[in-house]
Amino acid sequence: MAKHLVEGSDTVTRQAVKNRRRGFATERKLVKMLEARGWRAFRVPTSGTGYALPDVFAVNNKEKRIAAFEVKSTVEDHISVDGFQIRKLLSFLDAFRLYRGEAVIAVWFISNGWVFRAVNEFPLQERYVVYVHESSDWSP
């Protein structure tokens with residue numbers, strides 16, 4: 001069981017565990033979707049370790065593409081992603097220069113499905129916000 005985040009509060013601990021499980025389930029959902037579309041996809045269980053690795057990465061050898069994903073899930077109508085998380089994706093992709101590298105924020109809006117935002121522009125922003133009604137600008 002996770003450590004209590006607030007002294008004496010089981011509610012905070014349960015919510016943190018629930019959020020973590022929902023995150024893992026969303027990452028697995030993305031992997032299955034990518035593999036159904038011809039990619040080889042891998043969930044990287046290193047969240048919170050400090051390593052510069054994506055939540056999920058996928059390779060399309062036919063098209064010489066590799067995508068690194070920051071994966072989020074929310075019941076809200078938007079979600080915010082810190083710029084350092086995007087820099088982590090770009091750092092990972094730098095090792096695969098033979099492929100066309102694509103950094104992607106993948107958000108599962110529980111009420112509405114996936115929104116994918118490609119983030120390969122420079123300079124990078126400090127924070128990215130993805131909204132439920134945005135159109136995806138990346139596709140597998």
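Modeller: Let's start with Glu-27, which sits in helix α1, residues 10–36. (Helices are DSSP runs of H or I, at least four residues, and strands are runs of E, at least two, numbered from the N terminus.) This is a predicted model, so local features need pLDDT of at least 70 and side-chain atom pairs pLDDT 80 or more, while totals for chains, interfaces and linings use all residues. Residues are numbered from 1 along each chain as its sequence is written, and side-chain values use heavy atoms, leaving out hydrogens and water.

Glu-27 counts as buried because its relative accessibility is 8%; the cut-off for buried is under 20% relative accessible area, with exposed over 50% and partly exposed in between, using a 1.4 Å probe and protein chains only.

Five strands make an open sheet with mixed pairing, in the order β1-β2-β3-β5-β6; strands pair if DSSP finds at least two bridges between them. At the edges are β1 (40–43) and β6 (113–118), each pairing on one side only. Strands β2 and β3 run antiparallel and are joined by five bridges. Val-59, for instance, stands opposite Ile-66 in β3.

Helix α2 packs on this sheet, touching β2, β3 and β5, and its direction makes about 155° with that of β3. (Axes are lines fitted to C-alpha atoms, for helices over the stretch in contact; angles run from 0 to 180 degrees between N-to-C directions.) Helix α2 covers residues 83–93, and eight of its eleven residues are buried, among them Ile-86, Leu-89 and Phe-92. Those buried residues pack against β2, β3, β4, β5 and β7.

Stepping back, the protein has two helices and seven strands, which follow each other from the N terminus as α-β-β-β-β-α-β-β-β. Of its 140 residues, 41% count as buried.

Notes: Contact means heavy atoms within 4.5 Å.
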